[in-house]
Amino acid sequence: MVPNTPLDSDAATTRRRVLALAAATGGASLAGCLDETPSTAGDSDEASDSGESDDSGESSSTTGDAADPEATVEEWMSDGLGYDGVVDETGTGRVTVRVGADSASGPYAYDPAAVRVSPGTVVVWKWTGAGGRHNVVERDGEFESRLYSSGDATFEYTADAPGTYLYFCTPHRGMGMKGAVVVDDS
């Protein structure tokens, strides 16, 4: 046997670190595919979660051409599941979007996938309990829910600032689980 030298010991430590990093990275990249996302403290299938906007009254999440939100939504939803145009719910104080709705690929859609609302409308995402764990994450960070799988979970966001808010489900984004909220002040 050859005694360990400092170089051999450092090499073994480096190999262990590389293997540990590879294992951790591989596990994280498979989490969405396997629909098994590691939970963190405070994450659970609670009945509700509230998203809040900032008090500035300005939207940091307006995307695309503000004059043509339809084109922005059309581009975002070009590969979105369950998308059949923007549903007009302006003038409604509260709108519900089903999470885990049926689509051509299974329960991996929002219904409606895209909705137009007036400022001040409360948008409520309600989980169906189908398709594993889903969440709602606005692309620019305006709102984000936890991952839920139970059919009694909800998440709310008050759409105060005019703009186009594009969102997705983290584990199923690659499948096309995407949605849009257009806040229209006209």
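Me: Which residues are linked with Arg116 in a network of salt bridges?
Reply: Start with the general idea. Side chains of opposite charge can pair when their charged atoms come close. A salt bridge here is a side-chain nitrogen of Lys or Arg within 4 Å of a carboxyl oxygen of Asp or Glu. In this structure, Glu70, Arg116 and Asp184 form such a network. Note that this is a predicted model: local features need pLDDT of at least 70, side-chain atom pairs count only at pLDDT 80 or more, and totals for chains, interfaces and linings use all residues. Residues are numbered from 1 along each chain as its sequence is written, and side-chain values use heavy atoms, with hydrogens and water left out.

Me: How far apart are the closest N and O atoms of Asp184 and Arg116?
Reply: They are 3.6 Å apart. Asp184 sits in the segment after strand 10 and Arg116 in strand 5, 68 residues apart. Strands (E, at least two residues) and helices (H or I, at least four) are DSSP runs, numbered from the N terminus.

Me: Is Arg116 buried or exposed?
Reply: Buried means under 20% relative accessible area, exposed over 50%, partly exposed in between (1.4 Å probe, protein chains only). Arg116 has 14%, so it is buried. Asp184 has 22%, so it is partly exposed.

Me: How many salt bridges does the structure hold?
Reply: Five. One of them joins Lys178 to Asp79, with the closest N and O atoms 2.6 Å apart. Lys178 lies in strand 10, and Asp79 in the loop between helix 2 (69–76) and strand 2 (87–88). The two are 99 residues apart. Lys178 is buried at 8%, whereas Asp79 is partly exposed at 45%.

Me: Where does Glu156 find its salt-bridge partner?
Reply: At Arg94, with the closest N and O atoms 2.8 Å apart. This pair links strand 8 to strand 3 across 62 residues.

Me: What about the nonpolar side? How many residues has the largest nonpolar core?
Reply: In soluble globular proteins, nonpolar side chains tend to be buried together. A nonpolar core is a set of buried Ala, Val, Leu, Ile, Met, Phe, Trp, Tyr and Cys residues joined through side-chain atoms within 4.5 Å. The largest has 27 residues. Tyr110, Trp125 and Trp127 are among those with the most contacts inside it. Strand 3 gives the most to this core, with four residues.

Me: Which residues does Trp125 contact?
Reply: Contact means heavy atoms within 4.5 Å. Leaving aside neighbours within four places in sequence, the partners of Trp125 include Val97, Tyr110, Phe143, Tyr157 and Val181.
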